[in-house]
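Welcome! Let's take a short tour of a protein model, stopping at a few backbone details and a pocket.

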Amino acid sequence: MLPPDDFDPPIGIPQDLEPGLRRIVADNPSPMTYRGTNTYLVGTQGLAVIDPGPASKAHLAAILAAVGPDQHISHIIVTHTHLDHSPLSRDLAQVCDAPVYGFGGPAAGRSPIMETLAENGDIGGGEGIDLEFVPDHCVSDAEMIDGDGWSLQAIHTPGHIGNHLSFAWNDVCFTADHVMGWASSLVSPPDGDLTAFMASCDRLQRDAWRVFYPGHGAPVTDPAARMAWLVNHRRSREAAILEALAAGPATAHALAAQIYTETPPALLGAAMRNVLAHLVDLTGKNQISPIGPLVKSATFKLI
């Protein structure tokens with residue numbers, strides 16, 4: 001968690017970010033969503049709506065009010081199937097008669113180990129999943145989505161959830177919940193996968209981005225520095241976990257309490273899930289092992 005910034009936009013009011021791009025912040029602030037979900041409108045006539053947001057009548061009205069008399073919504077694009085990003089796509093599609101684009105349903109993109117954990121292990125998780133989401137068009141990695149004067153290229157960035165997509169718009173990237181400026185992303189198994197998360201970070205680091213537009217919070221104006229911080233942050237957490245386990249076996253809950261000493265109480269549950277993601281990743285790398293079945297309450301030890 002980073003210190004609070006000065007990001008405090010008006011809720012439900014479209015703001016110009018650059019030519020052909022506006023942002024509307026939804027009315028769903030929380031410790032996990034910051035000021036609310038960022039909905040982006042790309043284009044000047046035929047518009048793409050990226051992340052319609054939660055099931056909110058007020059936010060639906062705000063999106064529709066942002067569409068001018070000479071404009072229309074041609075594409076509805078969902079980055080991932082959490083309840084703060086995808087549910088409003090259904091109502092918006094019905095009103096606008098526009099297709100919904102997304103990677104797939106709630107379990108799409110899961111790695112085999114996470115699928116096994118979901119089926120066989122008491123691993124928990126399932127934070128705010130939109131179980132009803134079904135896109136009209138399943139978007140594949142690197143696919144181009146072309147509209148009226150704009151093009152978006154999909155980048156499959158699993159980690160926060162298996163079906164997570166980022167989108168390249170020239171030298172801009174819409175990073176949704178993979179990279180944000182106000183906080184690091186929650187990675188909670190079996191939907192969250194730290195091994196995949198780090199691979200997605202590596203992929204985003206290959207390009208020279210001008211700016212990241214995240215799913216929550218302000219634009220990230222130095223993407224390279226933010227990516228370096230994010231990767232180093234995860235590696236430092238891993239090192240802290242291994243150091244703690246060197247003193248003896250421990251559970252994810254105990255490790256989170258020991259390591260996340262400055263985390264607000266409202267976010268300690270998320271911190272525990274992040275630690276669990278590290279423990280699953282370290283188990284896959286044969287550096288640690290659970291004592292007994294791999295479940296959320298398991299005690300882990302060094303190998």
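Is aspartate 97 buried or exposed? At 71% relative accessibility, aspartate 97 counts as exposed, since exposed means over 50% relative accessible area, buried under 20%, and partly exposed in between (1.4 Å probe, protein chains only).

## About the model

This is a predicted model, in which local features need pLDDT of at least 70 and side-chain atom pairs count only at pLDDT 80 or more, while totals for chains, interfaces and linings use all residues. Residues are numbered from 1 along each chain as its sequence is written, and side-chain values use heavy atoms, leaving out hydrogens and water.

## Backbone details in loops

Aspartate 97 sits in the loop between helix H2 (88–96) and strand S6 (100–102); helices (H or I, at least four residues) and strands (E, at least two) are DSSP runs, numbered from the N terminus. Its phi is near 55°, a positive value in a residue other than glycine.

Alanine 142 is not a glycine either, yet has a positive phi of about 75°. You can find alanine 142 in the loop between strand S7 (137–138) and strand S8 (144–146). With a relative accessible area of 37%, alanine 142 is partly exposed.

Now look at proline 189 and proline 190: a cis peptide bond joins them, with omega about 5°. Proline 190 belongs to the loop between strand S11 (172–176) and helix H4 (194–204).

## Lining of the pocket

Helix H5 (223–246) and helix H7 (268–284) each supply at least two residues of the lining of the largest pocket. A pocket is an open set of points on a 1 Å grid over the protein atoms alone, where a 1.4 Å probe fits, with protein on both sides within 12 Å along at least five of seven lines; lining residues have an atom within 4 Å of a point.
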